[in-house]
Amino acid sequence: MFLLHSLLLEIYEWLYDGVTYLNRRKITSSERTILENAFPYYRRLNQKHQDKFVQKLEMVLTGKSFIGRSDIRVVTPEMKVLIGATIVMVTFGLDDLRLPHFNKILIYPDTYYSTISKHYHRGEVNPRLGIIVVSWSCFLDGMQHESDGVNLGIHEIAHALKLENQIYNNGESEFFNPKVYRDFHVLASQEIGRIKAGNLTVFRSNAGLNEDEFFAVALETFFEKPHEFFEYNQILYGTLVRLMRQDPRVWIR
């Protein structure tokens with residue numbers, strides 16, 4: 001009975017994905033121009049990979065609601081395209097992955113006050129509500145300084161990605177290779193120990209808070225400072241290449 005249920009679920013997901021693909025929202029020529037002008041990762045891809053990138057972006061934009069908060073009354077095409085493109089970039093090596101559990105993107109104009117934590121935030125992820133939250137000004141700042149290893153969009157999407165891997169009944173759980181993920185856990189624990197000990201590493205200090213923060217900061221460093229990361233720790237970098245199924249050193253010379 002369990003095997004039958006699993007098979008029926010897989011068939012349903014396959015049919016659903018097919019219908020979604022056929023009915024996906026196509027990006028406009030002006031939205032493609034935004035990609036070409038404002039998203040370096042996309043520009044560095046060859047034509048075949050650019051086409052794949054656009055198709056995946058269309059699927060992401062079709063499945064997510066972008067909601068303005070505070071003074072953001074209208075969510076612009078630039079906001080949708082650049083946030084969606086960041087999701088595609090982070091998940092680009094993971095086939096059709098598009099983080100369906102996190103179907104709402106909340107966008108604040110600047111840092112915002114959380115009534116739950118009683119602190120100001122630049123961004124956060126809420127798995128219970130399926131929400132990714134970003135400050136637009138902080139998101140843009142992370143994009144404008146693309147080689148400092150600080151990128152809010154990558155950081156929050158990394159948190160969502162790690163959670164999505166362990167959230168069931170959405171068709172996308174356990175997509176990380178189990179052995180590679182275990183290897184990453186061991187190496188991450190070692191790096192967190194170095195950071196807490198005050199040793200100089202390629203990662204900024206808040207990577208030492210816990211494994212969730214380390215994963216998010218590691219992905220920021222992976223995409224923005226891949227050569228420096230590789231020189232610092234080739235084994236950890238190679239583990240992330242296998243986990244994410246892409247190597248940013250190919251795109252960033």
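**Helix Packing and Core in a Predicted Model**

User: Why are H2 and H5 called oblique to each other?

Analyst: The axes of H2 (residues 29–38) and H5 (residues 77–91) come within 10 Å and cross at roughly 60 degrees. Angles under 35 degrees count as roughly parallel, over 145 as roughly antiparallel, 65 to 115 as roughly perpendicular, and the rest as oblique. H2 and H5 are therefore oblique to each other. Here, axes are lines fitted to C-alpha atoms over the stretch in contact, with angles from 0 to 180 degrees between N-to-C directions, and helices are DSSP runs (H or I, at least four residues) numbered from the N terminus.

This is a predicted model, in which local features need pLDDT of at least 70 and side-chain atom pairs pLDDT 80 or more, while totals for chains, interfaces and linings use all residues. Residues are numbered from 1 along each chain, and side-chain values use heavy atoms, without hydrogens and water.

User: What makes H7 oblique to H9?

Analyst: The axes of H7 (residues 152–164) and H9 (residues 211–224) cross at roughly 130 degrees and come within 8 Å. That angle makes H7 oblique to H9.

User: What makes a set of residues a nonpolar core?

Analyst: Such a core joins buried (under 20% relative accessible area, 1.4 Å probe, protein chains only) Ala, Val, Leu, Ile, Met, Phe, Trp, Tyr and Cys residues through side-chain atoms within 4.5 Å. The largest has 73 residues, and Leu161 and Leu219 have the most contacts inside it. H5 gives the most to this core, with 9 residues. A second, separate core of 5 residues includes Tyr108 and Ile131.

Technical notes
Helix = DSSP H or I, 4+ residues; strand = E, 2+ residues; numbered from the N terminus. Buried < 20%, exposed > 50% of the residue type's maximum accessible area, 1.4 Å probe, protein only.
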